[in-house]
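Good morning, and thank you for the time. I would ask you to look at the sequence and the structure together while I speak.

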Amino acid sequence: MECAAGSQFAVGEIYAREKDQLRAVAHRIVHDRSRAEDVIHDAFAQILRCAKSFDPARGSARGWIYAIVRHTALRMQKNARRELALEDHTLNAVCEREQTVSNPASRIPDSMTLRTMLDQLEPKRRASLLLAIIDGHTHEEIAEYLRVPVGTVKAWIRRELVAMRRQLE
């Protein structure tokens, strides 16, 4: 009931009680620990937004929450396929721009390190960085394109930039 009223504390209690099982459900669908965490984050953001629409006559709150996690994971898995095409296009654009540098050979060590770091990122996180930095898209545009919440895009970009900066130091 408190959750349906929008209580963040109540949602936090549900999260604390169910997180391991929900993470397992998400992981079985997306097959990646980091992406499963993103699923849980996105699902709980949706749960908070939509808590008032929960109808106990249609089923249990627990079932409703698991359905949201499952649908979020399936949507993320579907979008991952689309990202592969985007990734190839964006990385090709980066390579083309690197070739326009007056002395490309002077940039090889930096660009190889950067490319290695980018290759190690999960596709949606890599796409969010490249769309923001290379193509100059806003967080909102990236979120719409990748079909994830704006907060998720902001968190991905910030986390990855901080991690990359640490690696380069």
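Predicted model: local features only at pLDDT ≥ 70, side-chain atom pairs only at ≥ 80, totals over all residues.

Let me begin with a question: which are the buried residues of helix α6, residues 139-146? They are Ile142, Ala143 and Leu146. Viewed down the axis of α6, these buried residues fall within an arc of 100°, so they line one face of the helix. Just after α6, arginine 147 adopts a positive phi of about 60°.

The chain contains seven helices and zero strands, and from the N terminus on its elements run α-α-α-α-α-α-α. Of the 169 residues in the chain, 36% are buried. The chain exposes about 10400 Å², and carbon and sulfur atoms supply 53% of that area. As for contacts between residues at least 6 apart in sequence, 64% of them join residues at least 24 apart.

The largest nonpolar core has 19 residues. Those with the most contacts inside this core are Leu22, Ala26, Val30, Val39, Ile40, Phe44 and Val69. Helix α1 gives the most, with seven residues.

Alanine 26 deserves a separate word. Once its neighbours within four places in sequence are set aside, alanine 26 is in contact with His31, Ala36, Val39, Ile40, Val69 and Ala73. There is also a second, separate core, of 15 residues, which includes Met117, Trp156, Ile157 and Met164.

My last topic is aromatic geometry. How many aromatic pairs does the structure hold? It holds one. The ring centres of tyrosine 15 and phenylalanine 44 are 5.2 Å apart and the ring planes stand at 90°; since planes over 60 degrees apart count as edge-to-face, that is the class of this pair. The pair links distant parts of the chain, with tyrosine 15 in helix α1 (residues 8-30) and phenylalanine 44 in helix α2 (residues 33-50), 29 residues apart.

Are the two partners buried or exposed? Phenylalanine 44 has a relative accessible area of 9% and is therefore buried, the limit being under 20%. Tyrosine 15, at 29% relative accessibility, counts as partly exposed. Phenylalanine 44 is thus a member of the aromatic pair and also one of the residues with the most contacts inside the largest nonpolar core.

Thank you for your attention.

Terms used. Residues numbered from 1 in each chain as written. Heavy atoms only, no water. Phe/Tyr/Trp six-rings, centres within 6.5 Å; stacked < 30°, edge-to-face > 60°. Helix = DSSP H or I, 4+ residues; strand = E, 2+ residues; numbered from the N terminus. Buried < 20%, exposed > 50% of the residue type's maximum accessible area, 1.4 Å probe, protein only. Arc of directions from axis to C-beta. Core = buried A, V, L, I, M, F, W, Y, C linked by side-chain atoms within 4.5 Å. Contact = heavy atoms within 4.5 Å. Areas by Shrake-Rupley, 256 points an atom, 1.4 Å probe, with all protein chains shown as cover.
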